[in-house]
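Subject: Structure handover

Hello,

Here is the structure I promised to pass on. Please open it alongside this email.

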Amino acid sequence: MSELNIRYETQEKELELAQLTHQYLTHKNKVMQWSILGIIILAVSISLLIYESFRRKQQQHQEEMNVARSFIDGLEQERTRISKELHDGVSNDLLGAGLMLRLLDEKPEIRKDVMESIEMIRNEVRTISHELNQPRFQNATLDEVAENMLSQIGAGESIRITFRKTGTSDEWKRIPHDISLEIYRILQELMANIVRHSDATRADISLEVTKSSLVLHITNDGKAYDPSVTNSNGIGYYTIEDRVKTIGAQFDTQITDGSQHYMLSVGWKPQN
C-alpha cells in the first residue's frame, strides 16, 4: 500500500511538472511571437519613415527644379523680348538719325565725328542684341556656337582666349538642346565676369563631350574676386547656380590671386 502511494504521488508530481513545463513553453512561445511581431512592426515603421523622408526630399528637389526652370524660362523670354526691341527699335532709330545727320549742312569734321559715334553705338546695340538672343542649335552645335561667341569676345577685349574641344561630330549633335543652351549661357556669363572683373590677360576654355556627358573647364590668370557680389548684386552668379541646378550639373570653382579655375560637368541619358 505504501508503495502504491509513492507511485501515485510520483505520478502526480510528474504530471504537475509536465503541466508547468507546458505552461512555460506556451508562455515562451507567446513571448517569441509578440517579439517577432514587434520587430516586424518596428521594421515596417522604420521603412515607412525612410520612404516618407526620401519622398519629401524628392518632392522638395523637384519643386526647386521647377522654380529654377521657371526662372530660367522667364529669363530667356525676357532676353528674346529685349533683343527684339533693341534690334527693331533702338538700332533702326540710330540708323535713321545717322541718315538725317548726313543731310545737315555742318562742318564735315563734326559730321564725321557724329556719324562715327552713332555707328559705334549702333554696332554695340547690335552686339548686345545678338548676345541676348537665344542661340539656335538646329543648324549649329554647342562647340560651334561657343567658339563663335569666344572669338567675338577675344576680338573686342584685351584678353587672349584659347578654345579647345574634344569629341566627335556625332557626339556634339547628340547633346540635348536644353543642356546646350544652359552650358552656353553659363559660359557666356562666366566669360563676362572674367572680362569685367578679373583683369585677366589670358583665358583657356575647353569643352569635352562623350555620348552621355560633357565637361567644361575655364582657367584664367585674373585676380581673385567674389562672383556673388558682382554684376548687379550677384544676379548673374545666382543665375548660373539656377542654370546648373536645372540640368543637374556639378559646378566647382578654385579662385586665388592670379588664378581662377571653373569646372562644370553634366550627364544625360544616351539617345538611341
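Below is what I found in it, from the whole chain down to single residues.

**Confidence**

This is a predicted model. Mean pLDDT for the protein chain is 78. Of its residues, 69% reach 70 or more. Residues 230-234 fall below 50. That stretch still has 14 contacts in the model beyond near neighbours in sequence. Where pLDDT is low, the predicted coordinates should not be read in detail.

**Overall layout**

The protein chain has six helices and five strands. From the N terminus, the order is α-α-α-β-α-α-β-β-α-β-β. Of the 272 residues, 29% count as buried. The chain exposes about 18,100 Å², and carbon and sulfur atoms supply 55% of that area. Among contacts with a separation of 6 or more, 74% join residues 24 or more positions apart.

**Strands**

Strand β1 covers residues 160-166 and runs parallel to β2, with seven bridges between them. Phe163 stands opposite Ile205 in β2. β2 and β3 are antiparallel, and they too are joined by seven bridges. These two strands form a hairpin, with three residues between them. Ala203 has Asn220 in β3 as its bridge partner.

**Nonpolar core**

In soluble globular proteins, nonpolar side chains tend to be buried together. The largest nonpolar core here has 33 residues. Ile183, Leu187, Met191, Leu214, Ile218 and Val266 touch the most other members. Six elements each supply at least two core residues: α3 (142-156), α5 (177-198), β2 (202-209), β3 (213-220), α6 (231-246) and β5. The largest share comes from α5, with eight residues. Setting aside residues up to four places away in sequence, Leu187 touches Ala146, Met149, Leu150, Ile205, Leu216 and Ile218.

Is asparagine 220 buried or exposed? Asn220 counts as buried because its relative accessibility is 1%, under the 20% cut-off. Its side chain reaches the backbone nitrogen of Gly222 at 2.9 Å. The C-alpha atoms of Asn220 and Gly258 are 8.0 Å apart, although 38 residues separate the two along the chain. Beyond four places in sequence, Asn220 contacts Ile194, Ser198, Ala200, Arg202, Ala203, Gly258, Ser259, Gln260 and Tyr262.

*Gln260.* One of those contacts of Asn220 is Gln260. Gln260 sits in strand β5, residues 259-267. Its relative accessibility is 0%, so Gln260 counts as buried. A polar contact of 2.9 Å joins its side chain to that of Tyr262. Tyr262 is also in contact with Asn220.

*Thr246.* This one lies in helix α6. Its relative accessible area is 11%. That is under 20%, so Thr246 is buried. Which backbone oxygen does the side chain of threonine 246 reach? It is that of Arg243, at 2.8 Å. Leaving aside neighbours within four places in sequence, Thr246 contacts Met65, Ala68, Arg69, Ile72 and Glu182.

**In short**

For the core, begin with α5, which gives the largest share.

Best wishes

Definitions and conventions: Residues are numbered from 1 along each chain as its sequence is written. This is a predicted model: local features need pLDDT of at least 70, side-chain atom pairs count only at pLDDT 80 or more; totals for chains, interfaces and linings use all residues. Side-chain values use heavy atoms; hydrogens and water are left out. pLDDT is the predictor's confidence in each residue, from 0 to 100. Contact means heavy atoms within 4.5 Å. Helices (H or I, at least four residues) and strands (E, at least two) are DSSP runs, numbered from the N terminus. Buried means under 20% relative accessible area, exposed over 50%, partly exposed in between (1.4 Å probe, protein chains only). A polar contact is a pair of N or O atoms within 3.5 Å; within protein, one must be able to donate a hydrogen and the other to accept it, and residues adjacent in sequence count only if both atoms are side-chain atoms. A nonpolar core is a set of buried Ala, Val, Leu, Ile, Met, Phe, Trp, Tyr and Cys residues joined through side-chain atoms within 4.5 Å. Two strands pair if DSSP finds at least two bridges between them. Accessible areas come from the Shrake-Rupley method with a 1.4 Å probe; for residues, only the protein chains shown count as cover.
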